[in-house]
Amino acid sequence: MKAILIDDEISNLENLRTLLEKHCPQVSIMATAQNINDAVDIIEKYSPDLVFLDIQMGEQTGFDVLKLLPTRNFEVIFVTAYDQYGIQAVKFAALDYLLKPIDIEELINAVNKAEHKLATQIQNLQLDFLLQQLKKPETNISKIALQMQSEIRYVALSEIIRCEADNTYTRFFLSSNEKILVSKSLKEYADLLRPSGFLRTHQSHLVNPKYVKSWLKEDGGILLLTSGEKIPVSKPNKDTVKQALQQL
Amino acid sequence: MKKIIFIFLSLIVAVSTVNAQKGINFNHIYAAGGKLLMCVDSSAKNVFYAIGFPNQPRTTLSYLPEVNNLSISINFRKNINIRHYRYTILIDSKPIVLNKPIDMTQLKDTHAGGDEEIFSSTTLGIFPVKGKIITTLIYSIDKPQDIDKAVFYVKPIPRAKILSFRKRFKTNQGVDYKWITDIKDRTRIALTEKEDELTIVKDKSDIDYLYYTSIKDKKTNKIIFKSTTWDYGGIISEDHEALPSINIDKNIFKKSGEYEIIIQPSIKWTNCLDCDISPKETEKYITRHTLVITLAEESYTKKELYSYALMAAFVIGLNFLLILHAIKKRNKKKVVEQEQQKNTAKLQLNSIRAQLNPHFLFNALSGIQNLMNKNEIDNANKYLSKFARLTRNVLDDKELISLSQEKTLLDDYLQMEQLRFGFKYEINRSENLDLDNVEIPSMLLQPFVENAVKHGISKKATNGKIVITFTKQANDLVLTISDNGNGFDTEKKNNGLGLQLSASRIALLNSIYKENRFTLAIQPSTNGTKISLTLTDWL
């Protein structure tokens with residue numbers, strides 16, 4: 001895999017290079033860049049398979065590099081020290097990211113995943129999706145990318161009736177009666193979707209309030225959804241769920 | 001109605017069958033009270049007849065100052081049992097007829113006052129009356145208590161005489177009295193706080209009921225008191241006779257000043273036919289007495305004056321104390337409020353202080369990771385301990401740190417950043433500045449230094465340079481941070497979180513330390529930025 005590293009700090013570049021050479025021998029580093037212009041140049045020059053992209057680069061962002069490229073035929077692994085806004089958008093696009101200092105296992109996972117994606121030759125729409133999301137204010141995000149076994153689904157939040165935990169996976173129940181199993185935990189999606197109004201009623205359940213029909217008192221509290229399904233509300237979540245439903 | 005007409009009509013003219021005797025004009029009949037009628041001398045003027053009195057329904061008085069002879073007759077309605085009537089006539093309180101029945105043989109039918117009604121009438125007697133008082137008492141044996149009393153007063157009505165004044169005052173036991181017995185035309189009466197009532201004592205006469213009393217405020221000429229009654233309670237003359245008196249509440253005298261007591265007979269001098277009595281003459285019947293009232297509120301005895309002064313002083317003193325207390329309380333409240341504000345400011349300051357850029361923290365850790373991965377173990381150790389020291393400083397809640405501590409902190413920080421960007425830096429100090437003993441608020445400079453790194457020299461790599469100085473200028477401590485970066489636009493609002501936080505932090509510090517002791521100056525230029533922080537009168 002041809003890779004390119006982009007970071008404004010030389011020590012970070014050095015560090016990433018050391019780690020990749022040691023733990024990910026399938027990656028061959030073609031070049032590194034410390035600013036956006038160099039980054040665009042070397043990407044165009046080397047047509048890499050994989051780009052490690054620092055989000056915060058001085059007063060600019062790694063996203064700016066993506067915006068400057070007409071075609072993006074590569075996988076991106078974002079690297080960041082601390083940038084909530086960027087990470088949020090990256091998560092919605094179901095893209096991979098690494099936090100500094102870099103965890104070796106996460107690095108290996110991310111590289112493996114990228115390798116897998118490149119092997120299946122799925123057209124990479126995630127970056128387009130990310131750049132679209134970045135244009136909008138964070139609370140206005142209306143779509144989410146769901147990484148399935150062999151494809152990426154872009155789903156409108158209004159289509160999601162509920163999510164249910166299935167071990168470390170999450171099952172999405174859509175209004176089209178479709179079910180999607182995603183290889184991420186419910187907690188991750190709960191954190192991601194809570195700002196959009198989704199309710200964590202139970203440790204295994206995340207519900208879109210749009211689809212709540214009524215509150216049933218049986219068994220200490222149950223939500224009846226418009227789909228006819230009954231979703232349990234656990235005791236610790238009862239008050240917050242009730243309050244949120246009243247505000248609707 | 002007919003009865004009222006009969007008694008009170010001013011004049012009843014009737015044709016009398018009785019011939020004129022002793023000069024009496026029998027054609028001119030006056031009502032004389034009750035069932036009585038009277039005729040007087042044809043020459044007589046000023047006949048005040050049948051005067052009634054409050055609370056004395058059966059007593060009438062006729063004042064006949066110029067009459068010599070008087071004829072008294074009685075009229076009965078036809079339905080009255082005349083045989084049951086008895087009459088008594090007194091001349092000067094000596095009875096000449098006592099409980100005598102009516103002589104039925106003498107009764108004649110008569111029209112009284114030209115009325116259609118026919119009465120049975122008889123004459124009770126014709127008397128020479130000059131200088132006398134004739135009194136008739138008439139009753140029916142069916143109701144022996146209902147005695148009609150008619151008085152014919154044929155001598156000058158005497159002027160009432162004020163015998164004495166009496167002041168009532170409160171004592172611990174109840175009340176007691178003070179007397180003023182030496183009465184002239186004018187009496188000065190001082191009424192103290194404790195004196196609440198004034199009593200006027202009149203001389204005793206047979207016709208006390210005739211007199212009424214009024215009191216006039218001489219200043220306003222208004223009658224402020226009027227009484228037609230007399231008390232006979234408790235004031236006894238030397239002859240063991242109960243004397244008429246009236247009690248006057250002190251409160252009618254609203255102000256100190258002159259008041260006139262007027263005691264006069266209740267005769268309406270103008271209310272009679274052929275009356276020819278001048279005001280000068282009527283004045284002879286009126287008792288006028290001037291009271292000079294002095295009320296306690298304006299006249300204090302020395303003792304009272306002292307006590308009032310003492311009381312006033314006490315009240316003023318109390319007020320003063322209360323005000324003082326209120327002011328103290330308010331000040332205390334103010335101090336508490338200021339304290340609270342200060343505390344809030346401190347809390348805010350702490351929270352700002354705690355916001356050491358996480359971007360820096362994680363990048364620094366990343367730098368250390370790099371050293372480890374490059375097997376530069378000694379360096380990794382060195383930076384790790386620097387990082388620990390820096391983190392500890394952020395987590396520490398110290399308000400003030402010494403300049404030498406601040407220098408170490410900045411060294412640590414800048415060396416960590418050097419690891420990332422590879423610039424040069426210097427920290428210079430005035431020789432006469434005691435770094436170990438001068439203290440400044442902790443994390444005061446770090447945000448500015450961070451800005452210098454981030455916006456100033458991070459792009460210049462090894463060509464970048466940061467110079468920090470600690471200078472003593474008279475009593476001021478001047479701290480400067482300069483970099484040789486590209487400078488930044490002060491107009492641009494979005495100059496990074498660090499600078500914003502620093503500005504609000506300096507505002508907070510000024511609110512805590514007062515007198516605006518912290519001044520921040522930013523001098524950007526094309527070849528770098530200089531930040532000076534002056535701590536006025538700090539040394």
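Reader: Which strands of chain B does H6(B) lie across, and at about what angle does it run to S23(B)?

Author: In this predicted model, H6(B) lies across S23 and strand S25 (465-473) of chain B. Its direction is at about 175 degrees to S23(B).

Reader: And H7, which strands does that one lie across?

Author: Helix H7 (residues 446-457) of chain B lies across S25, strand S26 (476-483) and S28 of chain B. Relative to S26(B), H7(B) runs at about 20 degrees.

Reader: What is the strand order in the sheet?

Author: The order is S23-S25-S26-S28-S27 in chain B. This is an open sheet of five strands, and the pairing is mixed. From one strand to the next, the twist averages 10 degrees.

Reader: Which strands stand at the edges?

Author: Strand S23 (424-429) and strand S27 (518-525) of chain B do. Each has a single partner strand, so one side of each is left without a neighbour in the sheet.

Reader: How many bridges join S27(B) to S28(B), and do they run parallel or antiparallel?

Author: Eight bridges join S27(B) to strand S28 (residues 528-535) of chain B, and the two strands run antiparallel.

Reader: Turning to the helices, at what angle do H4(B) and H5(B) cross?

Author: The axes of helix H4 (residues 358-373) and helix H5 (residues 377-395), both of chain B, cross at roughly 160 degrees and come within 8 Å. Because of that angle, H4(B) is roughly antiparallel to H5(B).

Reader: Left-handed or right-handed?

Author: The crossing of H4(B) and H5(B) is left-handed.

Reader: Which residues meet there?

Author: From H4(B), the residues are B:Ala364, B:Leu365, B:Gly367, B:Ile368, B:Leu371 and B:Met372. They meet B:Asn379, B:Ala380, B:Tyr383, B:Leu384 and B:Phe387 of H5(B). By class, this contact has nine nonpolar, two polar and no charged residues.

Reader: Now the contact between the chains: how many residues does it take from each?

Author: It takes 16 residues from chain B and 14 residues from chain A.

Note on methods
Residues are numbered from 1 along each chain as its sequence is written. Chains are lettered from A and ligands numbered from 1 in the order in which they are written. This is a predicted model: local features need pLDDT of at least 70, side-chain atom pairs count only at pLDDT 80 or more; totals for chains, interfaces and linings use all residues. Axes are lines fitted to C-alpha atoms, for helices over the stretch in contact, and angles run from 0 to 180 degrees between N-to-C directions. Helices (H or I, at least four residues) and strands (E, at least two) are DSSP runs, numbered from the N terminus. Angles under 35 degrees count as roughly parallel, over 145 as roughly antiparallel, 65 to 115 as roughly perpendicular and the rest as oblique. A crossing is left-handed if the near helix is turned anticlockwise from the far one by less than a right angle, and right-handed if clockwise. Two residues are in contact if their C-beta atoms, placed from the backbone, lie within 7 Å. Ala, Val, Leu, Ile, Met, Phe, Trp, Tyr, Cys and Pro count as nonpolar, Asp, Glu, Lys and Arg as charged, and the others, Gly among them, as polar. Two strands pair if DSSP finds at least two bridges between them.
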